[in-house]
Amino acid sequence: MFQRDPRAGVFLGGDRVSGQEIRDQNVTAALAISNIVKSSLGPLGLDKMLVDNIGEVTISNDGATILSLLHVEHPAGRIFVDLAQKQDKEVGDGTTSVVIIAAELLRRANDLVKLKIHPTTIISGYRVACKEACKFMVDQLSHKVDALGRETLINVAKTSMSSKILGSDDDFFAPMAVDAMLAVKTITQRGDIRYPVKAVNILKAHGKSARESIYVKGYALNCTVASQAMKTRITNAKIACLDIDLRKQRMHLGIQLQADDPEQLEAMRRRESEIVLERIRKILAAGANVVLTSKGIDDLCLKEFVEAGAMAVRRCRKEDLKRIAKATGGTLVSSLANLEGEETYEVSNLGSAEEVVQERISDDELILIKGTRTVSSSSIILRGANDYMLDEMERALHDSLSIIKRTLESGSVVPGGGAVETALNVYLENFATSLGSREQLAIAEFANALLIIPKTLAVNAAKDSTELVGKLRACHFQSQTAPRGDPRKAWVRYGLDLLNGEIRDNVTAGVLEPTMSKVKSLKSAYEAAVSLLRIDDAIAVAPGEKIT
């Protein structure tokens, strides 16, 4: 029951791990997580197959997806899983590299602690290094997109896709993703330009090959009109988005009605039907000519819509309806009741679009909402052999769309393929030697930790990492020490060409990534490593004994 510790006097119950032992445990957990995703980094990385407790299979090489499906017990491991999720949410890509850098920073910091350097010194050294690295990246390595044009966006999308399942078809999917993203450009009330990824709807349909996927202008719904007698094309559509059941109103369970007269029974039945018909008439009277509901519509009610010349669609997904309401400037209504207890439908709840049409695309009937009022939307219909492939294609496309969004909003890119990490490594090493303080060692270790990215890229491509990284560092050293006007200054753009096992100018080769993605991942990796490095004691409270 009692655990003696020279620093703690009397410690009651639970487990306590402190000092070097807990640091070693944290590093082991971090490296275990990092080693899982390490082999899936880069254009020649390999995929992971994950099977959950009910036998559901996921095949992916997206770091965030892999880690979210793992059941991680160790608290330090969980921090790394959260780190990948945060990167996926904020940037959309670079989830694998952020975990690898964070684990390497932590491992090197732990080695310094073993050399009797205090964690506080290491943390302040890392902070200086991170600040300098971000500044150097923005000032020296980034290129403005305005000067590079649409071609740049396609190259950024190709770089993001290169490590995913779409890598072999990037010439087809990259322009598609760029068009879809440019189509959803919106200007907020403040005048900011935004590109919402959610405004691009991705549908998946079995059959055919990946290259037969289609890009459609407008929001596509995987539903059909509720009755064949309805119109399949409506222009100047006024759209009502409902989360209401438009079926004959039945009495709720447990309600009893006692009637003396059979006619009263008939009147009850009639009233049940009339309640829902009144609702529909109110919606149609408000001017709605397209009604989308997440629940069912009765045959009795369909007649009303057909006679009014309106289009009704049932069993739409609720999240689709929310997006459509946002895009058309309408409101998703879940009850017609107002504050007075009456049932009304306001005209202000209607969204508007230029056209709503049902079209046959490949084997499926889809409903397309074109020319939405507030946010223009676009849809991509993916084709593929099976579910696993379609799911992975959707994840890859989502990453690419996020990266295009970040590039458009931040407006600058950096060369990819290990160029940034190597340039920062050379710069920070020189910067460390210019400091006379004790942070020098920590900054040098931060610099060396960044080399893990080009090394891992080369190893995954089955190339000699030592030789390639050596060549790359020599290039960047010459570029940073060359006088102004020297042609070697342009060598700062050199990165790895993994297919041929050489180094090349990655800006000319079109291997580009948004600056923001690199800056964010470096800062996130630094924060995760530091938060674990600060820990010098872990106390797990023992569960209390149950009194029976």
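1. A cavity is a set of points, on a 1 Å grid over the protein atoms alone, where a 1.4 Å probe fits but cannot get out; a pocket is an open set with protein on both sides within 12 Å along at least five of seven lines; lining residues have an atom within 4 Å of a point. Grid points are joined across faces, edges and corners, and a volume is the space filled by probe spheres set on the points.

2. The model is predicted: local features need pLDDT of at least 70 and side-chain atom pairs count only at pLDDT 80 or more, while totals for chains, interfaces and linings use all residues. Residues are numbered from 1 along each chain as its sequence is written, and side-chain values use heavy atoms, with hydrogens and water left out.

3. The largest cavity has a volume of about 40 Å³, and its lining consists of Arg 23, Asn 26, Val 27, Leu 106, Asn 110, Leu 532 and Leu 533. Helix 1, helix 4 (95–114) and helix 17 (515–533) are the elements that give two or more residues to this lining; helices (H or I, at least four residues) and strands (E, at least two) are DSSP runs numbered from the N terminus. Helix 1 gives the most, with three residues. By class, the lining has four nonpolar, two polar and one charged residue, where Ala, Val, Leu, Ile, Met, Phe, Trp, Tyr, Cys and Pro count as nonpolar, Asp, Glu, Lys and Arg as charged, and the others, Gly among them, as polar.

4. Helix 1 (residues 20–38) also packs on helix 3 (residues 75–90), at an angle of about 40 degrees and with the axes 8 Å apart. Axes are lines fitted to C-alpha atoms, for helices over the stretch in contact, and angles run from 0 to 180 degrees between N-to-C directions. The two helices, helix 1 and helix 3, are therefore oblique to each other; angles under 35 degrees count as roughly parallel, over 145 as roughly antiparallel, 65 to 115 as roughly perpendicular and the rest as oblique. In contact (heavy atoms within 4.5 Å), Asn 26, Ala 29, Ala 30 and Ile 33 of helix 1 meet Ala 76, Gly 77, Phe 80 and Val 81 of helix 3. These residues comprise six nonpolar, two polar and no charged.

5. Residues in the contact include Ile 122, Tyr 126 and Cys 130 of helix 5 and Val 519, Leu 522 and Tyr 526 of helix 17. The contact has 14 nonpolar, one polar and three charged residues.

6. The largest pocket holds about 1,100 Å³ of space. Its lining numbers 42 residues, of which Pro 196, Val 197, Lys 198, Ala 199 and Arg 323 are the closest to its centre. Helix 11 gives the most to this lining, with seven residues. The lining has twelve nonpolar, 13 polar and 17 charged residues.

7. In the second largest pocket lies about 890 Å³ of space. Its lining comprises 50 residues, with Gly 42, Pro 43, Thr 159, Ser 162 and Glu 513 nearest the centre. Elements giving two or more residues include helix 4, helix 6 (149–161) and helix 17, and helix 6 supplies the largest share, five residues. By class there are 20 nonpolar, 20 polar and ten charged residues in this lining.
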